[in-house]
Every structure is written in structure tokens, then in C-alpha cells.
Amino acid sequence: MDPRRFVEKFAVLNTGVHECRSCGYRYDQEAGDPSYPVPPGLPFAQLPDDWRCPTCGATQSFFESKSVEIVGFAQNQQFGLGGNSLTSGQKDLLIYGSLLIGFLFFISGYFLQ
């Protein structure tokens, strides 16, 4: 086994969304929580200590961060033309979308007179 395989680190982006493990409520830092009131843009780590899940009343320790793993290694994210910061779904859409558009251009040549 290659020893470099053990030190691979994939890039993980924080989405700003935290989900309650008890009831599934999602705290989105862009929306905030109008019931508490928590202003929009407040990160989950800066919520007041007495803030609870508005649905089930669970404490902040019951919430887990929803993050996105970006394809590629964290140390390679600064290289390229922005393609390294795409998620795997975005890369699939870019690749297969380009193939579809190319195929449509190819087929449209048959309809020219």
C-alpha cells in the first residue's frame, strides 16, 4: 500500500447549515432564526448559549454541521481556473452538459440546407 494514501486530505466546505439530530430542523446562518430572534448571517458557533432548537428544544450539542466534500485534495484547491472548487455534482453537470451541447451542435448540422 502506498504510504501517501494515509495522508490524503479532501477539502471540506462548511455550508453554514446545521441540522438537529433529534428532529431534523435545519439552522441556516443566512436566514437566522426569527423565532428567537437570531439575525441573519450569525454563525452557529456565535449563537447564544440559551438558544435551543425551535422544533424540539434540543441543545446546540445535538446539531451537526452539514458540509460539502469537494472532489480533490485540500492542498490542490488553489490551482486551476476555479475547477478545483467545484463539487462532484457540479463537475458532472459541467462535463455531461458540455457533451450534450456538443452532441446537439453535431446533430443540428444535419438540419442545415
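Among contacts in this protein (heavy atoms within 4.5 Å) between residues at least 6 apart in sequence, 49% join residues at least 24 apart. Keep in mind that this is a predicted model, in which local features need pLDDT of at least 70, side-chain atom pairs count only at pLDDT 80 or more, and totals for chains, interfaces and linings use all residues. Residues are numbered from 1 along each chain as its sequence is written, and side-chain values use heavy atoms, with hydrogens and water left out.

Let's start with the overall layout. The protein has one helix and three strands, and from the N terminus these elements run β-β-β-α. Helices (H or I, at least four residues) and strands (E, at least two) are DSSP runs, numbered from the N terminus. Of the 113 residues, 17% are buried; here buried means under 20% relative accessible area, exposed over 50%, and partly exposed in between, with a 1.4 Å probe and protein chains only. The accessible surface comes to about 8,500 Å², and 61% of that belongs to carbon and sulfur atoms. Such areas come from the Shrake-Rupley method with a 1.4 Å probe, and for residues only the protein chains shown count as cover.

Now step inside. The largest nonpolar core has eleven residues, among them Cys 20, Tyr 25, Tyr 27, Leu 47, Trp 51 and Phe 63. A core of this kind is a set of buried Ala, Val, Leu, Ile, Met, Phe, Trp, Tyr and Cys residues joined through side-chain atoms within 4.5 Å. Leaving aside residues up to four places away in sequence, Leu 47 touches Tyr 27, Val 38, Leu 42 and Gln 60.

His 18 is buried, at 11% relative accessible area, and its contacts beyond four places in sequence include Tyr 25, Tyr 27, Phe 44 and Phe 63. Val 17, also found in strand β1, is buried at 13%.

The charged residues come next. A salt bridge is a side-chain nitrogen of Lys or Arg within 4 Å of a carboxyl oxygen of Asp or Glu, and by this rule there are three. Glu 19 pairs with Arg 26, the closest N and O atoms being 3.7 Å apart. Lys 66 also bridges to Glu 19, at 3.0 Å. Lys 66 lies in strand β3 and Glu 19 in strand β1, so this pair ties together parts that are 47 residues apart in sequence. Glu 64 and Lys 66 meet in a further salt bridge, 3.4 Å from N to O. Together, Glu 19, Arg 26, Glu 64 and Lys 66 are linked in a network.

One backbone detail deserves a look. Most peptide bonds are trans. The bond from Tyr 36 to Pro 37, however, is cis, with omega near 0°, and Pro 37 sits in the loop between β2 (26–28) and β3 (63–73).

An unreviewed UniProt entry annotates residues 93–112 as "transmembrane region". Over this stretch the chain is 80% helix and 0% strand, with the end C-alpha atoms 29 Å apart. Phe 111 is found in the segment after α1 (88–108) and is exposed, at 68% relative accessible area.

Note on methods. UniProt positions are given in the numbering used here, feature names are shortened, and annotations may be inferred rather than shown by experiment.
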